[in-house]
Amino acid sequence: MKRSYSLRLRLTVIILLPLLFVAGIAGLWQLNNARVTASDVFDRSLQSAALAVANDVALSGGDALVPATRQILADTSGGRVYYHVYAPDGVIVAGYATPPAGIPRTAGDDLNPVYFNGEYLGREVRGYRMRTRMQVDGFSGVFTTTVWQDVQIRSAFVQALMLRSFVAISSIILSLALIVWFGIRIGLWPLSDLQQAIDLRSGDVLKPIRRPVPVEVEGIVRTLNRLLGQVSDAMETQGEFISNAAHQLRNPLAGVLALAESVRSAKTETAMRQRADDLVKAAKETSQLAQKLLSYERAKSINPASAKETFALNDLLADLAAECQRKARRGISIDFLPARADIELSADRTMVREAVSNLIDNALRHGGDTLGTIRVESGVAQDQATITVTDDGLGLTEDEIQTALQRFGQVGENNDGSGLGLPIVERVAHRHGGGLSLTPASPGLQVQLTLPLARQPV
């Protein structure tokens, strides 16, 4: 058996890959959102610092900042903020003497605040510049307040935030993977239970599996039970065939062996020839019995779903009637009356021929001295093909018919048949979805075999 990959692993991969993909997209979105959020937080901090500085300068005339504002400048979002305020004439009012390079130029009456990226003492900075009309020490005009902070502080904060987000997302993904793995492991437990049930089956125990199984594997179990039933039936049929063959062939084979011994011990040539003739006759009867046993067992294996050889029924019956006529004893006529329309069957042609041959052989064998005519007819009745064999011989009573239909059933005291002719015909009919009926004809017997049509007659 070719080994494939684990079903548990396959399900885990099928479930986890889409989840990992979605989690990855969500993680990238979250990391980008963290970056944007951090930038927004720092920018708002710079704006708050600039407003606080401008307010203190206006109140104190540029002399001092209140403690709260100094606290803001000392540790805004984790780092120092630098500031610079100058008057309309460009004179510094408060703050650090050297502003960062890269501050955008604006017109004199433009009061819109701007954020910018610049450089201060060789370091990259992020800044905020605002222009406000106010009065300081009796001098009024547009004062410009600029605050800035090292970008490195901002990058470190973003990296820490992204790291926390990554750890949280990774933990969620890992937990989800473990949940999926154990969930699938528990969910597939019924398959392990089913395997144990199958392991309990053997050549001696082929009973169907009755354990509750998930809906998804009901079809598999149903098919397996059907297969177990077929194997059980096949084994039962095989055992029955062996038993039947051993039982039925024991006496004929013993008789053949006894006749063979008597031929060897014959004292005269005439006695030897007579015993040899008896030996040949006994061997033929044994061979016929063995053939009947094989036909009976083969009839069991007919499967209407697969035995679909399409053939013309009238052609088969015409050839068979002609062949049996050549073998019949003198004075017996075997007539074939075909149906007017062509009849096609879809069946096991060999076994259908065997069944009809058995019907004719039974009439020849058991018709008695009054037998003169055997009539074989084909026809159609209720979407079924009919094969009717009628003779004018001794016939059978209702009780004798029941006996004749039994396996190895013998009618009459001096009967050299196998007792399998009619059981073979009946089994062939039933395995094809047809039927068999026997009716006393007064005189003789009428036997009708019905089989499903391949198509309607034309």
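Strand 9 and strand 10 run antiparallel and are joined by 8 bridges. In this predicted model, arginine 375 has threonine 390 of strand 10 standing opposite. The two strands belong to an open sheet of 5 strands with mixed pairing, ordered 7-9-10-12-11. Strand 7 and strand 11 (435–440) form the edges of this sheet; each has a single partner strand, so one side of each is left without a neighbour there.

Strand 9 and strand 10 run antiparallel and are joined by 8 bridges. In this predicted model, arginine 375 stands opposite threonine 390 of strand 10. Both strands belong to an open sheet of 5 strands with mixed pairing, in the order 7-9-10-12-11. Strand 7 and strand 11 (435–440) form the edges; each has a single partner strand, so one side of each is left without a neighbour in the sheet.

Helix 7 lies across strand 7, strand 9 and strand 10, and runs at about 170 degrees to strand 7. Helix 10 (residues 421–431) also packs on the sheet, where its contacts include strand 11 and strand 12 (445–452). The direction of helix 10 makes about 135 degrees with that of strand 11.

Leu313, Asn314, Leu316, Leu317, Leu320, Ala321 and Cys324 are its buried residues. They cover an arc of only 155 degrees around the axis, which puts them on the same side of helix 7. The exposed residues Asp315 and Arg326 sit on the face turned away from the buried side of helix 7. The cover over the buried residues includes strand 6 (309–312), strand 7 (333–337), strand 8 (344–347), helix 8 (349–366), strand 9 (373–381) and strand 10 (384–391).

The largest nonpolar core has 45 residues, of which Ile334, Ile360, Leu364, Ile374, Ile387, Leu438 and Leu449 touch the most other members. Helix 8 contributes the most to this core, with 8 residues. Leaving aside residues up to four places away in sequence, isoleucine 387 touches Leu313, Leu317, Val352, Val356, Glu377, Val447, Gln448, Leu449 and Leu451. A second, separate core holds 18 residues, among them Ala50, Ala87, Ala94 and Phe143.

Another open sheet of 5 strands has the order 2-1-5-4-3 and antiparallel pairing. Its edges are strand 2 (92–95) and strand 3 (114–120); each has a single partner strand, so one side of each is left without a neighbour in the sheet. Neighbouring strands of this sheet are turned by 25 degrees against each other on average, direction ignored. Within it, strand 1 (residues 82–86) and strand 5 (residues 139–150) run antiparallel and are joined by 5 bridges. Tyrosine 82 has tryptophan 148 of strand 5 as its bridge partner. Helix 3 (residues 151–187) packs on this sheet, touching strand 4 (123–136) and strand 5, and its direction makes about 50 degrees with that of strand 5.

Taken as a whole, the protein has 10 helices and 12 strands. Of its 458 residues, 36% count as buried. Among contacts with a separation of 6 or more, 63% are between residues 24 or more positions apart.

Note on methods: Residues are numbered from 1 along each chain as its sequence is written. This is a predicted model: local features need pLDDT of at least 70, side-chain atom pairs count only at pLDDT 80 or more; totals for chains, interfaces and linings use all residues. Side-chain values use heavy atoms; hydrogens and water are left out. Buried means under 20% relative accessible area, exposed over 50%, partly exposed in between (1.4 Å probe, protein chains only). Helices (H or I, at least four residues) and strands (E, at least two) are DSSP runs, numbered from the N terminus. The arc is that of the directions from the helix axis to the C-beta atoms. Contact means heavy atoms within 4.5 Å. Two strands pair if DSSP finds at least two bridges between them. Axes are lines fitted to C-alpha atoms, for helices over the stretch in contact, and angles run from 0 to 180 degrees between N-to-C directions. A nonpolar core is a set of buried Ala, Val, Leu, Ile, Met, Phe, Trp, Tyr and Cys residues joined through side-chain atoms within 4.5 Å.
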